[in-house]
Amino acid sequence: MALSISTLDLLNRYINGVMGRADHHGENVNEVVLTLVGAVIWKATKDVEVRTYNDETANILWLFVGDNRYAIGYNHHTENIELRERTQNGAVLAEFNNDSTAGDIKAIFSTL
């Protein structure tokens, strides 16, 4: 199920949940999350949607840039955050971790 992020309160709740899970399970991505959030806010042209699980926000986010839909989620096997085409099962367009720079992320999101 998806939740539309249309208020600052919901965005804050989502980011806090992701940060808490990253600090616990994803030390490889716990810093890059903040830069990715900024990139999503910069490029999203509609309300962002996030996955929910048991009435809590989860680690998959969907955004539209124009007519194109993208999914961003954490891959437990690679321990990276992936940007995918259309859905969480779409083609991987980019992977991010704490080694990704703000410049790297800006360059990738500039092409969306």
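## Basis of the description

Contact here means heavy atoms within 4.5 Å. The structure is a predicted model, in which local features need pLDDT of at least 70 and side-chain atom pairs count only at pLDDT 80 or more, while totals for chains, interfaces and linings use all residues. Residues are numbered from 1 along each chain as its sequence is written, and side-chain values use heavy atoms, with hydrogens and water left out.

## Overall fold

The protein has three helices and six strands, taken as DSSP runs (H or I, at least four residues, for helices; E, at least two, for strands) and numbered from the N terminus. Along the sequence, these elements follow the pattern β-α-α-β-β-β-β-β-α.

Of the 112 residues, 43% count as buried, that is, under 20% relative accessible area; exposed is over 50% and partly exposed lies in between (1.4 Å probe, protein chains only). Among contacts between residues at least 6 apart in sequence, 43% join residues at least 24 apart.

## Nonpolar core

The largest nonpolar core contains 29 residues, and Leu-61, Leu-63, Ile-72, Ile-81, Phe-96 and Phe-109 have the most contacts inside it. Such a core is a set of buried Ala, Val, Leu, Ile, Met, Phe, Trp, Tyr and Cys residues joined through side-chain atoms within 4.5 Å. At least two core residues come from each of helices H1 (8-25), H2 (32-43) and H3 (102-110) and strands S2 (48-53), S3 (56-65), S4 (68-75), S5 (80-85) and S6 (92-96).

Leaving aside residues up to four places away in sequence, Phe-109 touches Leu-36, Ala-39, Val-40, Trp-42, Lys-43, Ile-72 and Phe-96.

## Packing of H2 against H3

On the H2 side, Val-32, Thr-35, Leu-36, Ala-39, Val-40, Trp-42 and Lys-43 meet Ala-102, Ile-105, Lys-106, Phe-109 and Ser-110 of H3. By class, this contact has eight nonpolar, two polar and two charged residues; Ala, Val, Leu, Ile, Met, Phe, Trp, Tyr, Cys and Pro count as nonpolar, Asp, Glu, Lys and Arg as charged, and the others, Gly among them, as polar.

The axes of H2 and H3 are 10 Å apart, and the helices pack at an angle of about 30°. Axes are lines fitted to C-alpha atoms over the stretch in contact, and angles run from 0 to 180 degrees between N-to-C directions. H2 and H3 are therefore roughly parallel, a term for angles under 35 degrees.

## Surroundings of Glu-95

Glu-95 lies in strand S6 and, at 40% relative accessibility, counts as partly exposed. Residues up to four places away in sequence not counted, Glu-95 touches Thr-78, Asn-80, Ile-81, Glu-82 and Ser-100. Its C-alpha atom is separated by 9.7 Å from that of Ile-105, ten residues apart along the chain.

Definitions and conventions: Angles under 35 degrees count as roughly parallel, over 145 as roughly antiparallel, 65 to 115 as roughly perpendicular and the rest as oblique.
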